[in-house]
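Please read the points below with the structure open beside you. They are meant as a colleague's note on local geometry and packing.

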Amino acid sequence: MKVPIVNLKKQYSKYKEEILYTVDKVLNSGNYVLGKELQSFEINFAKYCGTKYSIGVASGSDALTLSLLSLGINKDDEVITVPNSFVATVWTIANIGAKPIFVDIGNDYNINVELIEKSINKKTKAIIPVHLFGRVAQMDSLNEIAKNNNLVVIEDAAQSIGAEYKNKKSGSFGDTGCFSLHPLKNLHIYGDGGVITTDNENIYNYLKKIRNHGLKNRDECEFWGYNSRLDEIQAAIANIKLKYIDEINSKFRRIADIYSKNLSKKILTQNYFNFESPVFQRYMIIYKDREGLINYLNEEGIETKINYPIPLHLHEASKNLGYKLGDFPKSESFAKQTLSIPIYAELEDVELEFVISKINNYVDNIAKK
Ligand SMILES: *Cc1c(COP(=O)(O)O)cnc(C)c1O
């Protein structure tokens, strides 16, 4: 048996008829950019997240970039985020000329809220918590810190569509919420795409202009903007996926539950508060002999991945930020220990049982005691 880490073709075959019918409809409409498919998706997505507005953009990275600009983050402003994330969380800050300031994570893989305040100074303007692997960061305390220090909050919700924290959905806690529709995210389209959520009408109006060249109407440009729109075909597909996202997420949750109940006690898994409902964009385990486990699973046909093997502060691209090995012990130790195992809505029960039995066989029987 072969169990890949993701299986995108399988999900496509499930929704194929509806997707092809819709793509054909859009192609026949003659309208491919900024039309009614996008409008409809934006209304539905905002409703789903419990926010007033949503704005479709070209990628999750653009969602972050345009959010930073819409909130007035400028050159030399400091923006707090985590060293344990995908690289887009940090380059979007750096590329607008602002300075990324890292704060270490806690055992939940998310920003350690207790460490935030000592990184705040006069230059600090924003916090970008990442809801990593589909688990919302500790937003109550984080928002309180932001409020007390007059900082804006941009949620990097790229991995967390539908995740809940105290009965509120990810993307509804910050000044903006930034989502990705990339093929490796829970709600995915067939190419790049992103969405920004907000309750603020001024930010919404600004974002609608900045994603469309800075135009305030067909002919008049108010400021230099970007070309960053979610096109009609992808918006129509996103609308289809949105109808099924709760069903898709509930399958992720069920698989995560089966893993946590059945994996050997020698494997460290996550514990959750009862007020959280993560969506498990990845299922992470911690095991001391990670390399041995990876190799064994690989031989058995089970694919795994490391998210993320290099913490953001140790990339070559980060060298000007002035950080060094040892600065963020938790992120660094997680980069060495954690492993992502197969989880997706289309994972069959026999495959799931196979993965569990092989992991348990390795850690309980094969690994050196
Ligand atoms: C995927 C991802 C992004 C970037 O999204 P793209 O759509 O690929 O540009 C940003 N942050 C995190 C945490 C991500 O996982």
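1. Basis. The model is predicted, with local features requiring pLDDT of at least 70 and side-chain atom pairs counted only at pLDDT 80 or more, while totals for chains, interfaces and linings use all residues. Residues are numbered from 1 along each chain as its sequence is written, and side-chain values use heavy atoms, with hydrogens and water left out.

2. Largest pocket, extent. The largest pocket holds about 510 Å³ of space. A pocket here is an open set of points on a 1 Å grid over the protein atoms alone, where a 1.4 Å probe fits, with protein on both sides within 12 Å along at least five of seven lines; lining residues have an atom within 4 Å of a point. Grid points are joined across faces, edges and corners, and the volume is the space filled by probe spheres set on the points. The lining comprises 29 residues, and F86, Q159, H182, K185 and Y308 are the closest to the pocket centre.

3. Largest pocket, lining. Three elements, α3 (60-70), α4 (88-95) and β8 (176-180), each supply at least two lining residues. The most comes from α3, with three residues. Helices (H or I, at least four residues) and strands (E, at least two) are DSSP runs, numbered from the N terminus. By type, the lining divides into 13 nonpolar, 11 polar and five charged residues. In this count Ala, Val, Leu, Ile, Met, Phe, Trp, Tyr, Cys and Pro are nonpolar, Asp, Glu, Lys and Arg are charged, and the others, Gly among them, are polar.

4. S59. This residue sits in the loop between β1 (53-57) and α3. S59 is buried, at a relative accessible area of 15%; buried means under 20%, exposed over 50%, and partly exposed in between (1.4 Å probe, protein chains only). The S59 side chain reaches two backbone nitrogens, that of D62 at 2.9 Å and that of S61 at 3.4 Å. Such polar contacts are pairs of N or O atoms within 3.5 Å, where within protein one must be able to donate a hydrogen and the other to accept it, and residues adjacent in sequence count only if both atoms are side-chain atoms. Not counting residues up to four places away in sequence, S59 touches G193 and G194, contact being heavy atoms within 4.5 Å.

5. T51. The loop between α2 (36-49) and β1 holds T51, which is buried at 10% relative accessibility. A polar atom of the T51 side chain lies 3.1 Å from the backbone oxygen of Y53. Beyond four places in sequence, T51 is in contact with A46, G171, S172, T197, T198 and D199.

6. Strand β2 (residues 78-81). In a regular strand, side chains alternate between the two faces of the sheet. Here E78 and I80 point one way and V79 and T81 the other, and all are buried. Four bridges join β2 to β3 (residues 99-102), and the two strands run parallel; strands pair if DSSP finds at least two bridges between them. E78 stands opposite K99 in β3.

7. Helix α4. Which residues of α4 are buried? They are A88, T89, V90, T92 and I93. Their cover includes α3, β2, β3 and β5 (152-156). Just after α4, G97 takes a positive phi of about 95°.

8. V113. This residue lies in the loop between β3 and β4 (124-127) and counts as buried at 14% relative accessibility. Leaving aside neighbours within four places in sequence, V113 is in contact with Q138, S141, L142 and I145. V113 and S141 are 28 residues apart in sequence, with their C-alpha atoms 6.8 Å apart in space.

9. The peptide bond from N307 to Y308 is cis, with omega near 0°. Y308 lies in the loop between α8 (290-299) and α9 (329-337) and is among the residues closest to the centre of the largest pocket. L34, in the loop between α1 (8-29) and α2, has a positive phi near 50° without being a glycine; L34 is partly exposed, at 34%. K166, in the loop between β6 (164-165) and β7 (168-169), is not a glycine either and has a positive phi of about 50°. K166 is partly exposed, with a relative accessible area of 38%.
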